[in-house]
Structure formats: C-alpha cells, structure tokens
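Me: I have a model open and some labels I want to understand. Can we go through them one by one?

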Amino acid sequence: MEKIVMHEKNPVDLEKIEIDLLLEGIYRHYGFDFRNYVFSSIRRRIWHRIYSEKLSSVSGLQELVLHDPKIMRSLLEDFSITVTEMFRDPSFYSAFRKKIIPILKEYPTIRIWHAGCSTGEEVYSMAILLYDEGLHKKATLYATDINESALETAKLGIFPLKKMQLYTKNYLHSGGRKAFTEYYTVKDNQAIFHAFLRENVVFAQHNLAVDHSFNEFHVILCRNVMIYFNSNLQNRVHELFYNSLVSSGILGIGKREDLAFTSHSTCYEEMDSDEKLYRKMEH
C-alpha cells in the first residue's frame with residue numbers, strides 16, 4: 001500500500017482554520033455573520049471567551065457554541081463593541097448643528113438611522129440635539145444593533161450618574177444651549193433620561209453583515225463600527241447605506257473611518273472632511 005504522508009500545519013495556520021470553521025458554523029447555525037470582520041480583532045475576542053470558559057482551543061469553543069445558545073450569547077457580547085458616550089466627539093455634533101440641521105429644517109418629516117447604536121448614548125444625544133433645534137417632533141430615529149442586550153439597555157435610557165460630568169461637558173462643547181440636567185432625573189446614582197426623548201425612537205435588532213434596508217432615510221450615522229469590518233464587508237455596508245438614503249441624504253461615519261478606499265468613494269460630496277459628513281450624489 002502507498003504510504004500517506006501527513007504534512008503538519010504550523011499552529012498559526014491551524015488556528016486560522018479553526019477560527020474560519022467557528023465563524024462559518026455560527027453563520028450557518030445562528031445566522032450571525034462575522035466572517036468578514038477584521039481577523040485580529042475577532043481572534044482576540046474569541047480567545048477572551050476561550051479563557052472565560054476555561055477551554056484550551058478554538059475547536060473546544062466551537063463545540064460549546066454550536067450546542068449551547070447561552071455560550072453563543074456570551075460570545076456575541078464579546079464580539080459586540082460597546083465603547084460609546086453621549087455627544088462623543090463634540091466637534092462632530094457641532095458640525096452637524098451648523099451644516100446638517102439647516103438642511104433638515106427644509107423637510108416636513110425626518111428619518112435618521114443610527115446603525116450600530118450600541119447602548120444608545122449617541123441616539124439620545126441626537127434626540128437632545130434635535131429637541132434643542134426644534135426638530136424633535138417631526139423626526140423619527142431608528143436605532144439598530146446586532147446585540148439584543150445592548151438594545152435593551154438603550155431602550156431604558158438609564159446611564160451611570162458618574163458619567164454625567166463628561167456628558168455635560170461634551171454637550172456644551174457640541175453647541176448645546178440648555179442645562180443638560182433638564183434632560184434627566186437622578187435616582188440611586190443613575191441618570192434617567194426623560195421618556196419624551198425616546199418617544200420617536202424605534203429600537204430594532206439589525207445585522208449589517210446580512211440584513212437589508214428597511215426604510216429610506218434622510219440621515220444615516222454609523223460611527224466607529226466599520227473599523228472592525230474588512231474591505232468586502234465595508235463595501236457591502238456602503239452599498240446598503242447608499243441605497244437607503246434619500247436623494248441628497250447625509251452619511252456620517254467615524255473619524256478613523258474613510259470613504260476614500262471604498263466602492264462608494266465617488267458617490268458623495270464632502271460636507272465636512274474633518275468630521276466625516278457626506279452628502280449623497282446621484283449616479
């Protein structure tokens with residue numbers, strides 16, 4: 001008989017195969033698609049879960065994930081980026097007030113999509129900004145994220161009181177003109193934001209990697225989300241956003257993100273190059 005020679009893979013190659021199989025299994029079994037996330041970032045989060053579960057390999061985690069939805073939920077939490085704050089990058093909101101609000105005032109109704117809203121701080125920031133500018137009543141905000149538990153937090157509108165000093169500072173630097181304390185009440189070291197701010201907010205689970213458009217929007221904000229996507233997924237998301245914007249609609253992305261190297265680099269005019277605000281142009 002002919003002898004079969006087995007060529008051993010080096011450990012790095014083997015780990016890549018294991019991670020690819022894990023992500024493929026998650027996609028096929030649960031429908032969550034992380035196959036086009038930046039590999040270094042997803043690898044780090046997988047190993048965090050491996051150590052948390054006291055395992056020693058990616059394959060060990062795969063077995064658990066595919067047979068135990070609770071472990072999948074924990075891994076989903078690991079994969080979800082929840083670093084956020086109210087009026088994050090105040091200069092962005094300042095530019096939005098000066099350059100985008102005058103455009104929105106021309107519309108009879110306004111639809112704004114916060115894609116990847118995390119725990120909702122930036123959605124409440126926009127609701128406050130619109131209230132400041134007299135546009136809150138005619139606006140509907142759609143707040144979506146892949147992470148259901150983050151959305152549940154967002155729906156409550158309750159944030160740690162210790163963060164209010166920073167959030168107040170951000171609000172004032174963004175051009176806020178009221179006392180920030182007008183927007184929340186305090187109870188047990190928590191700031192509870194007034195219910196009227198979320199009256200016009202629709203919270204929903206949405207996966208940018210696989211889900212489609214669900215409306216036509218005047219503004220889409222997706223800030224500091226696509227830095228975790230590879231170029232294929234970025235292009236897919238930009239196609240989704242372009243098709244979801246009204247004619248001359250506004251797109252806002254994060255400071256570390258760029259349109260320049262995407263398939264839609266020529267589809268927008270710059271409204272503010274520093275703050276990454278763009279206006280859709282028709283092909």
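In helix H6, Glu 121, Glu 122, Val 123, Tyr 124, Ser 125, Met 126, Ala 127, Ile 128, Leu 129, Leu 130 and Asp 132 are buried. Keep in mind that this is a predicted model.

Me: What makes H6 largely enclosed by the rest of the structure?

Reply: Buried means under 20% relative accessible area. In H6, 11 of the 12 residues are buried, so the helix is largely enclosed.

Me: How do you know that the reach of H6 is close to the expected one?

Reply: H6 covers residues 121-132. From first C-alpha to last it reaches 17 Å, and 16 Å is expected at 1.5 Å a residue. Just after H6, Gly 134 has a positive phi of about 75 degrees.

Me: Why is strand E8 said to pair with E7?

Reply: Pairing needs at least two bridges. E7 and E8 have 5, in the parallel sense, so they count as paired. Leu 221 stands opposite Gly 252 in E8. Between E7 and E8 the chain passes through helix H9, in a right-handed β-α-β crossover.

Me: What joins E8 to strand E10?

Reply: 3 bridges do, and these two strands run antiparallel. Ile 250 has Arg 279 in E10 as its bridge partner.

Me: What makes E8 mostly covered?

Reply: In E8, 7 of the 9 residues are buried.

Notes: Residues are numbered from 1 along each chain as its sequence is written. This is a predicted model: local features need pLDDT of at least 70, side-chain atom pairs count only at pLDDT 80 or more; totals for chains, interfaces and linings use all residues. Side-chain values use heavy atoms; hydrogens and water are left out. Helices (H or I, at least four residues) and strands (E, at least two) are DSSP runs, numbered from the N terminus. The expected span of a helix is 1.5 Å times one less than its number of residues. Buried means under 20% relative accessible area, exposed over 50%, partly exposed in between (1.4 Å probe, protein chains only). A crossover is right-handed if, with the strands pointing away from the viewer, the path from the first strand over the helix to the second runs clockwise.
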